Amino acid sequence: MSANSRKLFMAFAKLHGLGTLSSNPSSPTIVFSPLSLIPHYLFAILQPPPSTIVTGPDTSTVSSFIDTLASRFSLKDLGNLSYFLGVEVLPHNSGLFLSQAKYILDLLSKANMNECKPATTPMSTSTHLHPTDGPLLPNPKDYRSLVGALQYISLTRPDVAFTVNKLSQYRHRPTTFHWTALKRLLRYLHGTLHHGLLLRRNYPLQLHAFTDADWTGDKQTYRSTTGYIVYLGSNPIAWTSKRQLTLARSSTEAEFRAVASTTTEVQWVLSLLTELGYKPTVTPTIYCNNLSATHYSANPVFHSRMKHLALDFHFVRENVQAGSLRVTYINGDDQLADALTKPLLKQRFHELLSKIGLLSRSSILREPINT
């Protein structure tokens, strides 16, 4: 197969008899709607090349699809998915367990921290990083390289999303204080080396999300931090932690901007699921722990207090009025996105980990593993 994803996409587009090709050349997902080969199902091929994941509704259907591809392309079937782009995939009776233990070990080795003392949280609650704190690092290359590598770990570790985002803000001018905070994150990863996500099957495919904002949490710019986690059933499938682009004059403004960002993500996930043939039977729900932001989402009257974020207001409200999503209030103690907006104390942080869906491999191995 071609190593160029665009060329690969066009090559698949010429495959007659496999079904109708949807998606676009810039997307990492190629979907075949059924025709002669599979009369009742869809196919998704996830890239990037030259490694490709083929997935489908059952083993026999996937095998038939791969045989058809092998008759037209030079390829090698590597069997069941076990390791892909630094992510270890363990089949389990309940679904799939995703872990990046090997990738983290390589990163610890690169930083000469294989024998470091584990930390209980990724960032101290008393740490307030600032661009000018401490002397500049004599060689910032190591800091930038490690932070760049850590961004990939956050693909399966929502627990480190906030800290990685925070450290990334100082890549242009890292100091010894930033280096100390980076080493604490590595110590935390050393202590949670075998933590990962368990993607469970046989759960109702209901789409919902938790959204939160830490108002003026950045003490340098006084901008707020947005955090959200999107779930399909009980499985976290998308999350982010990001500093907002503009100042919020109130906590309600900050929370409402977070709701708008989450709405955009939910819409994108819905479009992808629709492309894969999934039609939601329950209206997607966004859980927010700010009563005012929740009320504004359903309020048909544009309030003057919201004039500073009119686009976000109309965007969220139109989706709510159209019935494509709901914004519901949730108690702050049940807000799972809290861990993606600010550092938390040990007890609160670990309380949220299991609720988010992050588990240790040892707890998974207590049950039988499929091979």
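Reader: What makes the 46 residues a nonpolar core, the largest in the structure?

Author: In this predicted model, the largest nonpolar core has 46 residues, and Leu 150, Leu 167, Leu 185, Leu 186, Tyr 188 and Leu 189 have the most contacts inside it. The term applies because such a core is a set of buried Ala, Val, Leu, Ile, Met, Phe, Trp, Tyr and Cys residues joined through side-chain atoms within 4.5 Å. Local features need pLDDT of at least 70 and side-chain atom pairs pLDDT 80 or more, while totals for chains, interfaces and linings use all residues. Residues are numbered from 1 along each chain, and side-chain values use heavy atoms, without hydrogens and water.

Reader: Which residues does Leu 185 touch?

Author: Leaving aside residues up to four places away in sequence, Leu 185 touches Pro 122, Leu 150, Val 160, Thr 163, Val 164 and Leu 167; contact means heavy atoms within 4.5 Å. A second, separate core has 24 residues, Tyr 228 and Ile 286 among them.

Reader: Why does Tyr 231 count as buried?

Author: Tyr 231 has 3% relative accessibility, so Tyr 231 counts as buried; buried means under 20% relative accessible area (1.4 Å probe, protein chains only), exposed over 50%, and partly exposed in between. Phe 210, at 10%, also counts as buried.
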